[in-house]
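Dear colleague,

Please find below the structure that I am handing over to you. My notes on it follow directly after.

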Amino acid sequence: MTIKCKKCSTPSIIYQPYSGLHLCEKHFYEDLERKAKLTLRQRYPIKKNDVIAVALSGGKDSSVALLLMHKIFGNRPDIRIVAITIDEGIAGYRDESIARAKELTERLGVEHIVKSFRDEYGKTMDDITSEKKLLENHFGDDKKELGACSYCGVLRKKILNVVARDIGATKLVIGHNLDDEAQTVMLNHFRGDVERMVRFSAASELDGFIVRVKPLRKVPEKEIALYAYLHDLPMELTSCPHSFGALRKEVRRMLNGFEVNHPGTKYSLVRGFDNMVPLLAAGLEVSDIRNCEICGEPCNDSICQACKMLEKSI
Ligand code: SF4
Ligand code: ZN
């Protein structure tokens, strides 16, 4: 027997255990797009004359984020959308995803900027991983050794922020989904890093930092994958050889297990965190924003994390 959509009589294509709804293709699209629009309205309202930069890796999440921004704001003459792709220099992986990103921006007619680690830092991610013995993230005070993704993330964020600022962007869209957000909340709890938790959630403008907007933070990863597939988005499916740290993998497995047994766990985790942040922020002195003594970029120390990492990886 075909299961019907809860909102119409068309056959269902997806079941959402956390909402108890079976949805057809049309109502699934509506549901996902409504969640993204609501997140934008509540947390990151898009204003007149905004310049929206979208961090586009060529993977499913950022491709869906770009498609949605284009769908929602593409017809607004006052709003400019620009996709930014960072080439970290990861052989056998990045070239493919950059090709997919190009395909998508051409299909949508969106401006596209590509910047590379090699041009900006004089070395690729592959160079950094071979120069340095990178360890997986771990607990404890000795945080000197970090995993590949920590380097990659910090160095990528820096270029994204610089490029977004250079083009006059007022928003920087990131494709993080509900699974990413829930994992990050959990990881910060495990590390006991309260300041990082507050900074992680900052949706406000800080000097020199472009506001990071996450329209998909309430949408489960599986639904984004289905949405991308149904829209036939060009996207890269192979995974990065340096891959995620072992700790995040463990947290991901644990949360997926909870989600099966207790649907809605990931959402509750993120919602609980959102409610907690204003209370944490009130009782915490978040370090002032200063300018890095080496590169001049905004940071909360005398030398920014990217410069510290590049020093260390030489
Ligand atoms: Fe960079 Fe890690 Fe992503 Fe690979 S998996 S691209 S190393 S952040
Ligand atoms: Zn329907």
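Why is α2 largely enclosed by the rest of the structure? The reason is that 11 of its 14 residues are buried, where buried means under 20% relative accessible area, exposed over 50%, and partly exposed in between (1.4 Å probe, protein chains only).

Two remarks on conventions come before the details. This is a predicted model, in which local features need pLDDT of at least 70 and side-chain atom pairs count only at pLDDT 80 or more, while totals for chains, interfaces and linings use all residues. Residues are numbered from 1 along each chain as its sequence is written, chains are lettered from A and ligands numbered from 1 in the order in which they are written, and side-chain values use heavy atoms, with hydrogens and water left out.

The chain has 12 helices and nine strands; these are DSSP runs numbered from the N terminus (helices H or I, at least four residues; strands E, at least two). Of its 314 residues, 48% count as buried.

Helix α2 covers residues 60-73. From its first C-alpha to its last it reaches 20 Å, close to the 20 Å expected (1.5 Å times one less than its number of residues). Its buried residues include Lys60, Asp61, Leu66, Met69 and Phe73. The buried residues of α2 pack against α1 (25-43), β3 (51-55), β4 (80-87), α3 (94-108), β6 (171-173) and α9 (221-230), a contact being heavy atoms within 4.5 Å.

The largest nonpolar core has 39 residues, and Ile52, Leu66, Met69 and Ile81 have the most contacts inside it. Such a core is a set of buried Ala, Val, Leu, Ile, Met, Phe, Trp, Tyr and Cys residues joined through side-chain atoms within 4.5 Å. With seven residues, α2 gives the most to this core. Apart from this core lies another, of 34 residues, among them Ala53, Phe117, Ala306 and Met309.

Isoleucine 81 touches, among others, Ile52, Leu66, Met69 and Phe73, not counting residues up to four places away in sequence.

In helix α9 one finds lysine 222, which is exposed, with a relative accessible area of 73%. Lysine 222 and leucine 178 are 44 residues apart in sequence and 9.7 Å apart in space, C-alpha to C-alpha.

Finally, ligand 1 is surrounded by Ile90, Cys149, Cys152, Arg156, Cys240, His242 and Ser243 (each with a heavy atom within 4 Å of the ligand).

Yours sincerely
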